[in-house]
Amino acid sequence: MDHDLGWWVRIALDGWRCRTGPHYRRIAEGIADAVERRLVDAEDRLPAERPLADALGVSRGTLVRAYGELADAGLVERRQGAGTFVRPRPASTRAPVEDAASALLRRRLARDGSAGREEIIDLSLSVPAGVDHLPPFDGGILPRDLRGHGLHPAGLPALRAALATHLTTRLHLPTTADQLIVTSGARHALSLVLAALAPSGMITGCPTGPGLVSAVRGNRPVAVPVDPFGIDAQAVRRLAVGTPVVYVDSAAHDPTGAVLSASRRDSLLATVRRGGALLVEDLARAGLELGEEGEPVIPLAARDDSVIAVGSLSAMFCAGLRVGWIRAPERLRDVLLLLRSGGDPGPGVPAELIAARLLGAAGPAWQDGLRDSLRDRRDLLLALLERRLPAWRAEIPRAGLSAWVSLPVVDSESFAHLAARYGVIVAPGATACVDGRHHHGIRLSFAESPRTLESAVDRLTAAWEEHSRRLAVGR
């Protein structure tokens, strides 16, 4: 390649022909990588189309289309008579260019905007892959359902009643409708709780869910280890003095799928009672236990009214509903309602009505079938990984919809980027880490169909073989 084109261009487009897809997309991906890796700065000028096309051995039209892809993605801008320049990030954007969460979002956006998006397998989200699993229900929104203005400070009464029944009878958390506030998902619920408490610090397990990483970033999180028995309760006890909030996802830890053991439940409750810290319990994946024991997992909030419980219906039904909830002590209710009314008022009435009907239709037999299906898919994914990728170490999730896998590499972000080129999107460890110790991991959803999981592992195997070759030659 012509040395006059610039050092970063040579690095960015080295091996571009080894990428997948049309030539223009391979070139665009190479330049986009350079932007993400900060090899090129804002306002830097890209090479003129004809010299770069000649150097790469492609037509000028191919370069025009590649630059067009970058412009459509908002990475570059064309200035009449001046050339093509890297666009600066908006001043309001706080995330750095190399932030793993923003890089994952960019990969998912590329999937949504590509012509072949049906061929991309997304294992980065710990939610159902479709709606085929939903129980039969009346999904029509009739005019008589929309009486009044529909603006209820705590959420639609019919939904709060259905949620109260669900929490009481299926999650073993006695609840009344008046105790609940409807939110736009679990992250919105947690954000409202943190805004109401205004904590000077909080304790959380690590790794943790990608949503929590973004929600707690401004609350000085202190990380403690998580193992197959859940969050390390002894570490919490040592750190709880002077830390006002302890966060735990007791029913199904995200991303490891660990269920908090009985002894650790006792220890956590004793710690917060003795030290005065508030316990926030995330029940977003409660009810999705995958063990054969059949023993219900009793929420911590059922044993202590001071525990603030949050959750959503995304893991059980559909993430697109954007329906979550808060169950908080009465002394916090008014503050939470004021914060909710002053910001995001929660989901719209149609989504709340659909959620209420789904809760009414999802009986015990349906829930048992959902757990059986998820257990079979979990076992299939783990067996495929053990056979095809023996160097990977997968923890066995006891609940939820995803597995945490440790790779024999220092940082999984580069592999995640390569896997996307092979048609599989995974969540790298940096998106689930608040203390920098878990960047070697990836989170894989097993909510997809068995056939899709088999195809995903085929692609991940091919991507890992290329990644291993690159590591071997120092690329």
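This is a predicted model: local features need pLDDT of at least 70, side-chain atom pairs count only at pLDDT 80 or more; totals for chains, interfaces and linings use all residues.
## Helix 6 and helix 12

Two packed helices are described by the angle between their axes and the distance between the axes. Helix 6 spans residues 157–169 and helix 12 spans residues 349–361; their axes lie 9 Å apart, at an angle of about 30°. Angles under 35 degrees count as roughly parallel, and helix 6 is therefore roughly parallel to helix 12. The two helices cross in a left-handed sense.

On the side of helix 6, the contact is formed by Ala158, Leu159, Ala162, Leu163 and His166. These residues meet Glu352, Ala355, Ala356 and Leu359 of helix 12. By class, the contact of helix 6 with helix 12 comprises 7 nonpolar residues, 1 polar residue and 1 charged residue.

## Helix 13 and helix 15

Helix 13 (residues 364–388) packs with helix 15 (residues 450–472), the axes coming within 10 Å and crossing at roughly 25°. This angle makes helix 13 roughly parallel to helix 15. The crossing of helix 13 with helix 15 is right-handed.

Helix 13 contributes Arg377, Leu380, Leu381, Leu384, Leu385 and Arg388 to the contact. Their partners in helix 15 are Pro450, Leu453, Glu454, Val457, Asp458 and Thr461. The residues of the contact between helix 13 and helix 15 divide into 7 nonpolar, 1 polar and 4 charged.

## Helix 7 and helix 11

The axes of helix 7 (residues 186–197) and helix 11 (residues 330–342) cross at roughly 115° and come within 9 Å. The crossing of helix 7 and helix 11 is right-handed. Leu192, Val193, Ala195, Ala196 and Leu197 of helix 7 make this contact with Leu332, Val335, Leu336, Leu339 and Arg340 of helix 11. In the contact of helix 7 with helix 11, 9 residues are nonpolar, none is polar and 1 is charged.

The model holds 5 cavities of 30 Å³ or more.

The lining of the largest cavity consists of His166, Leu171, Leu283, Ala284, Ala286, Ser312, Leu313, Met316 and Trp325. Of these lining residues, 7 are nonpolar, 2 are polar and none is charged.

## Backbone geometry in the loops

Most residues other than glycine have a negative phi, and most peptide bonds are trans. Two cis peptide bonds and one positive phi are described here. The peptide bond from Cys206 to Pro207 is cis, with omega near 10°. Pro207 belongs to the loop that connects strand 5 (202–206) with helix 8 (210–215). Asp254 and Pro255 are also joined by a cis peptide bond, for which omega is about 20°. Pro255 is located in the loop between strand 8 (245–248) and helix 10 (262–275).

His172 is not a glycine, yet its phi is positive, at about 60°. This residue lies in the loop that runs between helix 6 and strand 4 (180–183).

Technical notes:
Residues are numbered from 1 along each chain as its sequence is written. Side-chain values use heavy atoms; hydrogens and water are left out. Axes are lines fitted to C-alpha atoms, for helices over the stretch in contact, and angles run from 0 to 180 degrees between N-to-C directions. Helices (H or I, at least four residues) and strands (E, at least two) are DSSP runs, numbered from the N terminus. Angles under 35 degrees count as roughly parallel, over 145 as roughly antiparallel, 65 to 115 as roughly perpendicular and the rest as oblique. A crossing is left-handed if the near helix is turned anticlockwise from the far one by less than a right angle, and right-handed if clockwise. Contact means heavy atoms within 4.5 Å. Ala, Val, Leu, Ile, Met, Phe, Trp, Tyr, Cys and Pro count as nonpolar, Asp, Glu, Lys and Arg as charged, and the others, Gly among them, as polar. On a 1 Å grid over the protein atoms alone, a cavity is a set of points where a 1.4 Å probe fits but cannot get out, and a pocket is an open set with protein on both sides within 12 Å along at least five of seven lines; lining residues have an atom within 4 Å of a point. Grid points are joined across faces, edges and corners, and a volume is the space filled by probe spheres set on the points.
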